[in-house]
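Here is a short briefing to read alongside the model. Have a look at the structure first, and then we can go through it together.

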Amino acid sequence: MANEHTLTRPTAGDPQASAEMRDAGALGAEGRPVEGRGPVTRGVAGEGRSSGGRRWNLVVNLLGIVSVVWLLAALYGALIWAPREATMGDIQRIFYFHVPSAWVAMGPAFTVVFVASIAYLITKDLRWDRLAASSAELGVMFTTITLITGPIWARPIWGAYWTWDPRLTTTLVLWFIYVAYLMLRSASASGHKRARLSAVFGIVGYIDVPIVFMSIRWWRTIHPQVIGGQDSGLDPSMQAVLFFSLGAMTLVYIYLLVVRVRQEELSTRVERLRHRFYNR
Amino acid sequence: MDGIGFLFAGFAAFWLALGIYVVSLGWRQVSLLRQVERLERELERAPQ
């Protein structure tokens, strides 16, 4: 075979190789290799050795440091600085991490999945698919935190870890939807077919997000309404700590998203290299 | 368990979940970097 053991990129003239590479996102729609997505460039995706790459690494590392410091400051605010709640006592301090986790999951994380899924279906650019997958994973992680911290807070206040309250139930359903999304992705081979399927799932699954948000308005519930609620009645210092924690958690999400997206790019690179290795 | 106990459990759960995720992310990163390195080495070694 003419191109056996070759280290060069498959060309547009090699139909089988081109189809495989296009499916992996290395070739553009017209069959030409896409800049920055080629399989043979040295180094690691997102770990460029150029000054631009190094500067980007520095920005990402700085973002990581700032988010950790901010998160620790939010922990100090929640445990020490915020006043003790009169009715619930110290257990109410979980609120400063429970609400921001729920906010990050249902606000930025799943909204990014929704928007990136639409963007993928329009552009057929796999970078949108990688962004959606990374954000979904983070959304599941933050929803898990919400579903763990919520019952721990509920036990001493409601007398039970779990009730089939509309807010709790719809949040659990949301968690199952995005766990299914991740399972679907891990069960299918990478490429445009998986991306298309995931995008549709990501768009349909997002329907539950407004339902979770509106559940405490639509149905009778024992879950407190924090945002825009009549009974929130938060002290200004408590509000300050809550917004500070919201900022910290959002920054942690942004940092982890950047890291996760780069990892997805690295994973795509490994797949391409493996493909070339086994097709030498 | 009193309020402080539940509070401690809540924060421990938060940091544990975040910690597990970050460690798994780091583990995956190291594993992928090793794979890239190994595959590139193998491909370079392959006859032209």
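A salt bridge here is a side-chain nitrogen of Lys or Arg within 4 Å of a carboxyl oxygen of Asp or Glu. By that rule, two salt bridges cross the interface of chain B and chain A. This is a predicted model, where local features need pLDDT of at least 70, side-chain atom pairs count only at pLDDT 80 or more, and totals for chains, interfaces and linings use all residues. Residues are numbered from 1 along each chain as its sequence is written, chains are lettered from A in the order in which they are written, and side-chain values use heavy atoms, with hydrogens and water left out.

**Interface of chains A and B**

- In one of the salt bridges, B:Glu40 pairs with A:Arg269 at 2.2 Å, N to O.
- On chain B, the side touching chain A has 20 nonpolar, five polar and four charged residues (Ala, Val, Leu, Ile, Met, Phe, Trp, Tyr, Cys and Pro count as nonpolar, Asp, Glu, Lys and Arg as charged, the others, Gly among them, as polar).
- Chain A brings 43 residues to the contact and chain B brings 29 (heavy atoms within 4.5 Å).
- About 3400 Å² is buried between the two chains, 76% of it from carbon and sulfur atoms (accessible area, 1.4 Å probe, lost on being put together, summed over both).
- Within chain B, the most area is lost to chain A by B:Phe6, B:Phe14 and B:Leu43, together 19% of what that side buries.
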